[in-house]
Number of protein chains: 2
Amino acid sequence: MGELHVLSVLVTGANWGISLGLVQNLLGMPSPPSVGLCSLSGPHGAASEVQNLVSRHRNLVIILLEVTDPSSIKVAAVRVGEHLGALLDNETLEDMTHVYTTNTIWPLLMDQAFLPLLKKVAQGSPGSALSCSRAAIINMSSYTGSITDVYVWEYGQVVSYHCSKAALNMLTKCQSLRYKEDDVLCTALHPGWVQTNMGGSGPHKLPLTVDESMRGMLKVLSSLSEKDTSTFLDWEGKVIPW
Amino acid sequence: MGELHVLSVLVTGANWGISLGLVQNLLGMPSPPSVGLCSLSGPHGAASEVQNLVSRHRNLVIILLEVTDPSSIKVAAVRVGEHLGALLDNETLEDMTHVYTTNTIWPLLMDQAFLPLLKKVAQGSPGSALSCSRAAIINMSSYTGSITDVYVWEYGQVVSYHCSKAALNMLTKCQSLRYKEDDVLCTALHPGWVQTNMGGSGPHKLPLTVDESMRGMLKVLSSLSEKDTSTFLDWEGKVIPW
């Protein structure tokens, strides 16, 4: 095993389980780094194990913080011994929560509420082949949700949006696994870069009109079958990697 | 183009842009379905386009709901004309928000706060090769976050958890793209199925002790280089598909 050379490591939630194991192993290395423990919480009794470690390792530093409180995170960063510069990222707790709620949670709640209807319709249809003509959940995703191929990174870099669409893709996958036996088809669809107010502006003219996108998507929807549940497709029916 | 045969379609946020285009195209089909519009909102002026559609299409039904209000979603489902059965999914707005905050948003906020320190350390190191010995963000992910291969689906099916880890993987990818020029390595790591309280219980004995997982992960961490930033690895260094 090649040796790990690090000056310092910050471990969060380090009071028990995997994180505590990581700390113990880091401190047991031939040239142990200084280790900061943040945000201690865990089962009753774990505190004594940490206390035991602290008494034996001078290079272990406890840094308490409340991760739900951004100001406490900043204080902890200063506590680590350096002055904080400007944050590179713009995303805040509020942005992240709001965008996830809109793009991931609402679709889930909607689908949950309407699932009984979809199941009833599917059961009332002859045969068992999946199709949009039978019953389907189509989640409007975006290529920006592809973790494999974040190809529009240079235009946007809105982390909250990327994360929420990746999560929506996961939701689609979960739904496809769960509802297959109910004969409900589940697919994530990317409408293309469409000329709407939301489509953004700038030097790059967006390639698609709303009508072009819709014509493409309707064609795709009409052709979806068994093999397309559990997939991520664009407005022309091309598979997008997760 | 194969024809799409659907009895009814529910379109949310259907007041403008892509959704409005979808509605117009659906209504223009040779055998148009009945279309329900939910959750109308959008730029000023869009309402008149919808009103215009309503006056021309008897099979267009407006269903107002407030997506932030779960009870209003249920009322809308009843309004569509069927009695609601029990919900198959267990996830609620609160579960989804809480799990996402813990697994995705907190890591982002932590990384944001400590990034200036990481950059300073990276800039103070000789050479430009990426490694954990230089500066790194390692996000503790989980195989359950793999959209491609949700292979533990049969054991858990906790949608909120799957979605939050997929989003964490996307966060890792975004960080790797953003911080590469700062010489900070970013990787998502799956610790294996470890015997902790959180690792779950049941008929399947979890295969790894905390120590085994840690020894594996430290070995992986010590070997990470340029080619590993922007990847998703397990405790043995094997690549997991996104």
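By contact I mean heavy atoms within 4.5 Å. A reminder to myself before I start: this is a predicted model.

I began with S176(A), which sits in helix α5 of chain A. Is this serine buried or exposed? Its relative accessibility is 2%, and buried means under 20%, so I noted S176(A) as buried. Next I looked up what surrounds it. Setting aside neighbours within four places in sequence, I found S176(A) in contact with C186(A), T229(A) and S230(A). With S230(A) there is a polar contact from side chain to side chain, at 2.9 Å. I also checked the backbone: the oxygen of K173(A) is 2.6 Å from a polar atom of the S176(A) side chain.

**Entry: strands in chain A**

From there I moved to strand β6 of chain A, residues 231–234. Which residues lie on each of its faces? I found T231(A) and L233(A) on one side, F232(A) and D234(A) on the other, and every one of these four is buried, leaving both faces covered. Strand β5 of chain A (residues 185–190) runs parallel to β6(A), and I listed four bridges between them. Along this pairing, D234(A) in β6(A) is the residue opposite H190(A).

**Entry: the sheet in chain B**

Then I turned to chain B, where three strands make an open sheet with parallel pairing, in the order β4-β5-β6. Which strands form the edges? They are β4 (136–140) and β6 (231–234) of chain B, each pairing on one side only. On average, neighbouring strands here are turned by 30° against each other, ignoring direction. I looked up the β5–β6 pairing of chain B too: β5 (residues 185–190) joins β6(B) in the parallel sense through four bridges. H190(B) has D234(B) as its bridge partner in β6(B).

**Entry: nonpolar cores**

Last, I went looking for the cores. The largest nonpolar core holds 43 residues, and the ones with the most contacts inside it are Y100, C163 and M170 of chain A and Y100, C163 and M170 of chain B. Which elements give two or more residues to this core? I noted α4 (93–123) and α5 (159–179) of chain A, together with α4 (93–123) and α5 (159–179) of chain B. Apart from this core there is another one, of 27 residues, including L130(A), V194(A), M214(A) and M29(B).

Leaving out neighbours within four places in sequence, its contacts are T144(A), G145(A), S146(A), I147(A), V150(A), H162(A), C163(A) and A166(A).

Technical notes: Residues are numbered from 1 along each chain as its sequence is written. Chains are lettered from A and ligands numbered from 1 in the order in which they are written. This is a predicted model: local features need pLDDT of at least 70, side-chain atom pairs count only at pLDDT 80 or more; totals for chains, interfaces and linings use all residues. Side-chain values use heavy atoms; hydrogens and water are left out. A nonpolar core is a set of buried Ala, Val, Leu, Ile, Met, Phe, Trp, Tyr and Cys residues joined through side-chain atoms within 4.5 Å. Buried means under 20% relative accessible area, exposed over 50%, partly exposed in between (1.4 Å probe, protein chains only). Two strands pair if DSSP finds at least two bridges between them. A polar contact is a pair of N or O atoms within 3.5 Å; within protein, one must be able to donate a hydrogen and the other to accept it, and residues adjacent in sequence count only if both atoms are side-chain atoms. Axes are lines fitted to C-alpha atoms, for helices over the stretch in contact, and angles run from 0 to 180 degrees between N-to-C directions.
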